[in-house]
Amino acid sequence: MVEMAETSPSQQSDGEAAAIGSVPPSVSGVDRDMDMSGHSVAIDARGLDFFYGDNQVLFDVSLKVPERSVTALIGPSGCGKSTFLRTLNRMNDLIEGTQVRGQILVEGHDINQRDVDVVLLRKHVGMVFQKSTPFPKSIFDNVAYGPRIAGEKNRAYLADLVESCLRQAALWDEVKDRLNDSAMALSGGQQQRLCIARTLATKPKIILMDEPASALDPASTSRIEDLIGELCTNYTIVIVTHNMQQASRVSHQTAFFYEGRLIEVDRTTKIFTNPREKRTEDYITGRFG
Amino acid sequence: MSLSFVSDKSDPVLLRRQLVSRVFAKVCRFCTWGALAVLAILLACVGWNAVGWLDWQFLTSVHSADPEKAGLFAGIWGSFWMIQLTVLFCVPLGIGTAIYLEEYAPRNLLTGLIKINLANLAGVPSIVYGMLGLAVFARMFGMFSKDGGQPTLYEIPGIMQFELPFGRSVLTGSLTMTLLILPVVVIASQEALKAVPSSIRTASYALGASRWQTIRWQVLPAAVPGITTGVILAISRAIGETAPLVMIGSLTTIFYTPGDINSPADLIRHPGKLADVPFSKFTAMPIQIYNWIGQAKRDFSHVAAAGIVTLLFVLLAFNALAVWIRYRASKKIQW
């Protein structure tokens, strides 16, 4: 898929091909050599263990995510990267029989404390899923859903917010004339950008992305990657991806998970050129996984 | 060896296989058309008997000893009010139960037992619900009736009077019908809720929605067509049910409508009569038909036929409504 993304854009015919000709070695906006020592820590996981029933799937994971940067989580299927991502806004609460040990500090607050309101947490830590999940409502109502359930009723404000979120998600020009049409009529790539716009509308500080482009065609994938590059100047982004080239293109920091353990985390350029661990190198060079 | 697809009449195994196949197809065809033929004959007989009897006079007259003057008026209004109240009780209870079981209830032994037994309850014969309704609603275990089983009159000053126990009233009928169709409504609603993809719920939670907001704004709107279809089919069953009404003793010869409301205009002129409706004695369409069939005068068979045609028409209208709602929903929402 990645290789395809870098081949001739002329094969793409669904109108989204315009942006693909300029896929840079690193997505525009992502300065992979950015010095993050000055960034404060947005997420700080400390000694995290996670269980589905009796089955432990995360072992003592400790990871710091600098704010306003992109952190990629990579690793083979079943390595626990998605589970780790979902602990960050407590989406795993929705699955019965799960148990979490250790600390996760978001902006310095331990989110696993009993008095934490997950509704507020998820407003602050938004999430975009692998499969785009537009609600069977109009495009406008999809984006306005988050603010509305939070109590926002001012129509003019909502209209402005919807526009600015759709612009940030690079979708405005394609849908501005049909905001009242069903979101189900959009293409897969447009639906995913709509989901990103919808997440932005709740004004999060952190955005979690669970393989946001894995179900998309190469042109749409490249648009999503460009978008990540733009968003990371204002948001902290944690992205799970199966796609090594994608991780190297979009992220500042890369964390390699294997069998429930965090094997290595470092600057992306370091991980991809000179990893410390043998297993990381084997995975990145495609020797397993 | 050359390959040939020409039928080989000498191969007994092949012949047998094809014979079995043909016979099975014929059996299935016979099952379908046989059942349809019986139904068609029944409908034709009833329709033939009703010709000349199903007229405006029949629809606007109450029961009479003279078949020429007898009509379904009291039955139509009785069924109408009973169903109104049944919907009023059944819809909130049924949907609420389904939402609790599907969205809130922890998965443990108790809720598992409840779910299994809902299906069993839906299969309980309606006469059993009739007995239950008689004991609980019509007589209230004899708690409120003094000597001789006479009901006691209670009054909320200036608003209404009512009797306990409920006796042979519209209220008893509708509460009994509610018990009867509640399991069906709950099961249909559960199925509709289950059909909503969980990714929609997850996405809603991820945007900071509370559980109730997710149910109110995402799950219920998507489930409403399925729930509505289930409710309408359950209601059409309640309209046709006779046995529970016989059991709770709804009247068969009655010459007035519940609350003495004889037309929509009546209701607008005297809205206060509405308060009397639940406590009125009543009859219902199937009860009235059941009564006419047992009458000695031969012409009452024609009156009964006219009643059956009316009842069938109402039931078909309800089923058509359910089909229409399902069709509209399938066009509107695609996952």
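Met140(B) sits in the loop that links helix 5 (126–138) to strand 1 (152–156) of chain B, where helices (H or I, at least four residues) and strands (E, at least two) are DSSP runs numbered from the N terminus. Its phi is positive, at about 50°, even though Met140(B) is not a glycine. Most residues other than glycine have a negative phi. Met140(B) counts as partly exposed, because 16 other C-beta atoms lie within 10 Å; the cut-offs are 20 or more for buried, 12 or fewer for exposed, and partly exposed in between, with C-beta atoms placed from the backbone.

The model here is predicted, so local features need pLDDT of at least 70 and side-chain atom pairs count only at pLDDT 80 or more, while totals for chains, interfaces and linings use all residues. Residues are numbered from 1 along each chain as its sequence is written, and chains are lettered from A and ligands numbered from 1 in the order in which they are written.

Over in chain A, Asp60(A) belongs to strand 2 (residues 55–66). Asp60(A) is not a glycine either, yet has a positive phi of about 50°. With 13 other C-beta atoms within 10 Å, Asp60(A) is partly exposed.

As for how the chains meet, 17 residues of chain B are in contact with 22 residues of chain A, contact being C-beta atoms, placed from the backbone, within 7 Å. The largest share, 6 residues, comes from helix 7 of chain B.

Note on methods. Contact = placed C-beta atoms within 7 Å.
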